[in-house]
Amino acid sequence: MKVLSESDVERLIPLVRAVALMEAGFRDFDPAAWEIPLRIAADLATARKSMLSMPVFSREHGRIYNKLVLCDTGPKRSGSSRATALATVWDAASGEPLLAAEWTYATALRTAATAAAASKLMARPNSRSIALIGAGYLGRLLLRCLAAVFPLERAWVYDRGPEQARKFQDWANAHLRLPVEVATSAQLAVATADIVVAATDSSLPVFDGRDLNPGTHVISIGSYRPDMREVDETTLRKSRIVVDALDHTPQESGDLISGIKNYGVQILGDLTWLLRNPSAARQSEFDITLFKSAGFAFQDALLLEALLNT
């Protein structure tokens, strides 16, 4: 059995390769070739944790992939991930374990790479400014991915914890050739951005859709449970929406559950549809577009299969 550390995963799958794997994998995705149940969640209240299991079966490869995620539901730890993960690959016929890998970095990587793949077709190509709402671990990787595919010149970060935002700024100044400023409010961050990223664990919307400029592209990647919301109904109603997975995200994300039920929000399609119809999401430079990702196990399987064959 192959065993990989987090540093092994980072070395073997650089950012550009991760984006390419998501683009190719989603473009060629055939639901009949995969069995992907909804994620299984268990709350561990006294430990202030929750455990997620995300299994998937590939009929083509005859392999089962599973990710276990331990989520921290207690106070935030500045600059660190609020979830840690472990992923495994098994031969479905024999039950033999083939690979085990530390998967915290890879979880953020596949989420960020998927958002970047979608945004290449949804945001305006000349997008130069970005606002990040949520200064956590995932936001760092997403900013790196987006900086690799857009000519970004300026970024704003806002977090309810000012110290968290300042630490994000310090990290960005040390690791990126991109000026990052701390915004004193979500409104100020959003008002001047070509791309707006929401990467939070909030149960309430984190910015006001009335502050979005025409042509803005929104990425929402934080709310993956029905009790989570980070995008308001104004944003949902005025946006052309694409999701990562039609069979999963509208049933799992509180943003979309509420928007569809209460406001009749419509979804154009999923990322597979978008990659096969590259010009379908944005019809003019004034369209507001929204990519909503709750994450699903197929993304992990794409990376795991690549690592198994590397």
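These legends describe a predicted model of one protein chain, from the whole fold to single residues. Residues are numbered from 1 along each chain as its sequence is written, and side-chain values use heavy atoms, without hydrogens or water. In this predicted model, local features need pLDDT of at least 70 and side-chain atom pairs pLDDT 80 or more, while totals for chains, interfaces and linings use all residues.

**View 1. The whole protein chain.** The protein chain holds eleven helices and 15 strands (DSSP runs, H or I of at least four residues for helices, E of at least two for strands, numbered from the N terminus). Its radius of gyration is 18 Å, close to the 19 Å of the globule rule for 310 residues, so the chain is as compact as a globular protein of that length. The radius is taken over C-alpha atoms, and the rule is 2.2 Å times the number of residues to the power 0.38. The C-alpha trace spans about 55 × 40 × 40 Å along its principal axes.

**View 2. Inside and surface.** Of the 310 residues, 55% count as buried (under 20% relative accessible area; exposed is over 50%, partly exposed in between; 1.4 Å probe, protein chains only). Among contacts with a separation of 6 or more, 70% join residues 24 or more positions apart; a contact means heavy atoms within 4.5 Å. The chain exposes about 13200 Å², and carbon and sulfur atoms supply 53% of it (Shrake-Rupley method, 1.4 Å probe).

**View 3. Phe26 and its aromatic partners.** The structure holds eight aromatic pairs (Phe, Tyr or six-membered Trp rings with centres within 6.5 Å; planes under 30 degrees apart are stacked, over 60 edge-to-face, the rest tilted). Phe26 and Phe296 have ring centres 6.0 Å apart and planes at 55 degrees, so this pair is tilted. Phe26 sits in helix H2 (residues 15–27), and Phe296 in the loop between strand S15 (288–292) and helix H11 (297–308), 270 residues apart. Phe296 is buried, at 4% relative accessibility. Phe26 and Phe298 have ring centres 5.4 Å apart and planes at 90 degrees, so this pair is edge-to-face. Phe26 lies in helix H2 and Phe298 in helix H11, so the pair ties together parts 272 residues apart in sequence. Both Phe26 and Phe298 are buried.

**View 4. The aromatic cluster.** One aromatic cluster is formed by Phe26, Phe29, Trp34, Tyr65, Phe296 and Phe298.

**View 5. Arg48 in its loop.** Arg48 lies in the loop between strand S3 (40–44) and strand S4 (49–58). Its phi is near 55 degrees, a positive value in a residue other than glycine. Arg48 is partly exposed, at 47% relative accessibility.
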